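My entries follow the display.

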Amino acid sequence: MAERKVRVGIIGCGGIANGKHMPSLKSVKQVEMVAFCDLVEERAVKAAEEFGVEGAKVYTDYKELLKDDSIEVVHVLTPNRAHSFITVDALYAGKHVMCEKPMAINSEEAMKMIDAAKKTGKKLTIGYQNRQRTDSRYMKQEAEAGTFGDIYYAKATAIRRRAVPTWGVFINEYEQGGGPLIDIGTHSLDLTLWMMNNYKPKYCVGTAYHKLNNLPAEEQGNTWGPWDSEKYTAEDSAFGFIVMENGATIILESSWAINLLDPREAITTVAGTKGGGDMLDGIRINGIRHGRQYVLKPDLSAGGVAFYDGAGDESEGQREARLWIEAVINDTEPYVKPEEAYCVTQILEGIYESAKTGKPYYFN
């Protein structure tokens, strides 16, 4: 990667910024984080002190940050409702944009982002870092090698037994556009569509439930402490049945709180004409070889040749950040294409709409 510095501005200095983006960007030697913006000035100040270069600027108005022509890349890490308009403004201000998932709260807003990227010629990507996990990349290699054949059935799973996020605005349906479906279901759906390489949905049927979000504190048993039932306006679980244009079927499960004993988050299962794969016990690849059934369980603990690609001990967040900055420096396509993320948003919107109307949602 060329030895030059990429000046980055951070918009939104909350949980995902501190938990993933800023530490990951700090691990990329070509990055200089030079500006930090948050509605709560103290958060921006703290981020600048911990992750910024000397003299890093602090803002409470993102439009002021965007006026700095020396900033080449902006990371949009705000609540979901603000993703679209901040991203569009940043693109028109001449910045490349990494926007945290989900792309937007609906497909109309997501399309505005794509249109802005096309009109400005700037790069746009979305933070689906689960593609960068070792198991995800191995399974994707199998898919690309034709191990599964034509994938016609898949399952996208994001189930927590009792792990409702109690910080920020996660449980606020208005600010986030939804609950577990748009928060963690989005990751499992992205993995599934990516594994299938199929981004053409035909219709879906969805259900969403508010069964447990009104429980009193003593009955919640939540991992992160009691949630405020009066503020919990998002769903606690949502499920979808998706049919693609080529006839393939996807089952999507998402929940923050449900009475199930086998919680699994951000995983996918696929079945094709030649074989199948899942993430239920590490990676398991199944098929028929020499007339016999087989199950392959690769050992992913050792990693690859670390010093060859320089990524032997990278987290998925670090790998995501490195590949993104490489795409900016080398003027190549980002790992997560905005059109792919748009399809995820389309389907999530369709499931929510179907849940409201009780009818199938058709995409065309």
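Which hand does the crossing of H1 and H2 have, left or right? I find it right-handed (the near helix is turned clockwise from the far one by less than a right angle).

I note that this is a predicted model, where local features need pLDDT of at least 70, side-chain atom pairs count only at pLDDT 80 or more, and totals for chains, interfaces and linings use all residues. Residues are numbered from 1 along each chain as its sequence is written, and side-chain values use heavy atoms, without hydrogens and water.

**Helix pair.** I looked up the axes of H1 (residues 15-26) and H2 (residues 41-51): they come within 11 Å and cross at roughly 30°. Axes are lines fitted to C-alpha atoms over the stretch in contact, with angles from 0 to 180 degrees between N-to-C directions. Helices are DSSP runs (H or I, at least four residues), and strands are E runs of at least two, numbered from the N terminus.

From H1, Asn-18, Met-22, Pro-23 and Lys-26 meet Ala-47, Glu-50 and Phe-51 of H2 (contact means heavy atoms within 4.5 Å).

**Cavities.** I searched the whole structure and got two cavities of 30 Å³ or more. A cavity is a set of points on a 1 Å grid over the protein atoms alone where a 1.4 Å probe fits but cannot get out; lining residues have an atom within 4 Å of a point. Volume is the space filled by probe spheres set on the points, which are joined across faces, edges and corners.

The largest cavity holds about 70 Å³. H10 gives the most to its lining, three residues. Trp-324 and Tyr-335 are among the lining residues.

Helix H11 (residues 338-357) supplies the largest share of its lining, four residues.

Technical notes. On a 1 Å grid over the protein atoms alone, a cavity is a set of points where a 1.4 Å probe fits but cannot get out, and a pocket is an open set with protein on both sides within 12 Å along at least five of seven lines; lining residues have an atom within 4 Å of a point.
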